[in-house]
Amino acid sequence: LNMGDKLGEKAPRIFYVNWFRKNAAGKFMWPGFGDNSRVLKWMCDRYDGKVTGVESAIGMLPAPGDLDLSGLSVTEEALGELLKVDNAAWKKEMPDLESHFSQFGRRLPPRIQAQVEALKKRIG
């Protein structure tokens, strides 16, 4: 945490990506490994301030049109599902997340605990 304070705007950004989401039919929703660079480009563009993203309960997501989908057969519906934040699923995960952090006891930095509490409030 101190590193982030010292580096300020030059601190590395943290992104969460789930490349392996499946649809109701059990098929992977994202085209595959070769197209991951499209998401990585969005991350870099986000860092460089070229795109702003859309705020969600878990952080910023690509805004419509921010991801380069040229040449892909990803439908608008599929993209919407890929970018959907399921608050109920996140709520279900919270006990495991809290259990993980509880193992650190008083050594857990208060700022991390504050982020966990803020996440709980954002997901409802």
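The following legends describe close-up views of a predicted model.

Local features required pLDDT of at least 70 and side-chain atom pairs pLDDT 80 or more, whereas totals for chains, interfaces and linings use all residues. Residues are numbered from 1 along each chain as its sequence is written, and side-chain values use heavy atoms, without hydrogens or water.

**View 1. The largest nonpolar core.** Eleven residues form this core, including W30, W42, V51, L67 and L79. A nonpolar core is a set of buried Ala, Val, Leu, Ile, Met, Phe, Trp, Tyr and Cys residues joined through side-chain atoms within 4.5 Å; buried means under 20% relative accessible area, exposed over 50% and partly exposed in between (1.4 Å probe, protein chains only). Helix 2 (36-47) and helix 3 (76-82) each supply at least two residues of the core, and helix 2 gives the most, with three. Helices are DSSP runs of H or I, at least four residues, numbered from the N terminus.

**View 2. The kink in helix 4.** Helix 4 comprises residues 87-102. A kink of about 35 degrees lies at E93, shortly before P95; the bend is the angle between axes fitted to the seven residues ending there and the seven starting there.

**View 3. Aromatic pairs.** Three aromatic pairs are found in the whole structure. Rings of Phe, Tyr and Trp (its six-membered ring) pair if their centres lie within 6.5 Å, with planes under 30 degrees apart counted as stacked, over 60 as edge-to-face and the rest as tilted. Y16 and W90 are edge-to-face, because their centres are 5.9 Å apart and their planes at 70 degrees. Y16 is exposed at 61% relative accessibility, and W90 is partly exposed at 24%.

Key. The expected span of a helix is 1.5 Å times one less than its number of residues.
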